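Here is a short tour to read alongside your model. Keep the sequence and the 3D view open as you go.

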Amino acid sequence: MSENQTKFGVLIKAGLAEVHQRELPEIGDNQVLVKHEACNICTTDYGQWMGLREHQPYPMAGGHEFAGIVVKKGPKVVGDFEAGDRVAVAYSFCGECDPCRHALTSECTQVTNEPTEDGYYGAFGFSEYSIRDGRVLIKMNKELSASEASFLEPLATVVKGLDKLRIKPLETIIVIGAGTMGLVNAQAAKAYGSRVIVTEVMPEKIEVAESMGLEVINAGDCNPVEKVKELTDGKGADAVIIAVGANIANKQAFEMVKKYDARILYFAAGYPAPELKVDSNFIHYRKMELVGTYGADMKDFFTAANLLNKKMVDVSKLVQCTFPLSEIQEAYKAASTPGSYRVSVIL
Ligand SMILES: [Zn+2]
Ligand SMILES: [Zn+2]
């Protein structure tokens, strides 16, 4: 494929991914031509493939967790990368709207979900080549695999959540759920200096969490709430990160935290939407903080790049398997298999 033609993966409808081809324009002064190396299939991507949440229009040229090599950069591009360097990609932003000027780039009001001229929606992560705004590219360590470097976006969302949770060294943080995002949260919280305990029921996931050196409660063969109390001398956790969207996780979080000034981070969404069954006096008298988080701003992406590049967060065990672009349908199938970690499409 030449540099002005690219193949790319696209969802035609739920359950059907195809490879299409399109022309790329010349790069603008502030743009960069990137040869993609890998793009990981996010929960939101395969949720749509499975028809669980058809939240984006078709044809959906999705994929937002990707890394690649700089081929050519426009004369006005700023950033510490040159042709041949590896970069990963943050969210688009305009830089001029009110949220952008307050550094809340993930809340940019100018980024819309309009189709391209040739009628496709999405971030085109599953492409061989793409043209990107130079400001959203961040240099990544070439010692990582391309699939590991593609964790920039998910880790950035974790960094934003931990920032909002204001975790301090030596605090005890419980992460409910050892899926991909649970284990990214756990590793990042550990890198921030916390004692981290993960709770999980699936034996395969428990094994992966333990192989990362994490403290794990097997919630399948004990009462995780009692176990947390036991492991914290009866005190309970300083904070809980809910990394699986489920009623049971919401309930356990309230029971696992310490009596006063505890924080709970709602990291994961769930479909159907999980419920919070609590009265406000409970929150009031216990001075509890309930914290929501979603997405990431540019500063979170830079912090995440640092954590990955300096290997303070190791995602190597979270790459389940890889597929070539030609087998993107198989890749979606693998990603949708319960218990699997990130499936990576190699481009
Ligand atoms: Zn994602
Ligand atoms: Zn903006």
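In strand S4, valine 70 is the bridge partner of valine 34. S4 (residues 65-73) and strand S3 run antiparallel and are joined by eight bridges; two strands count as paired if DSSP finds at least two bridges between them. This is a predicted model, in which local features need pLDDT of at least 70, side-chain atom pairs count only at pLDDT 80 or more, and totals for chains, interfaces and linings use all residues. Residues are numbered from 1 along each chain as its sequence is written, and side-chain values use heavy atoms, with hydrogens and water left out.

- S3 spans residues 31-40, and eight of its 10 residues are buried (under 20% relative accessible area, with exposed over 50% and partly exposed in between, using a 1.4 Å probe and protein chains only).
- Strands here are DSSP runs of E with at least two residues, helices are runs of H or I with at least four, and both are numbered from the N terminus.
- With strand S6 (residues 129-133), S3 pairs in the antiparallel sense over five bridges.
- Opposite glutamine 31 stands aspartate 133 of S6.
- Strand S15 (residues 342-346) also runs antiparallel to S3, joined by three bridges.
- Serine 344 in S15 is the bridge partner of asparagine 40.

**Valine 278**
- Look for valine 278 in the loop between strand S12 (263-266) and helix H9 (280-285).
- Valine 278 counts as partly exposed because its relative accessibility is 33%.

Notes:
Chains lettered and ligands numbered in written order.
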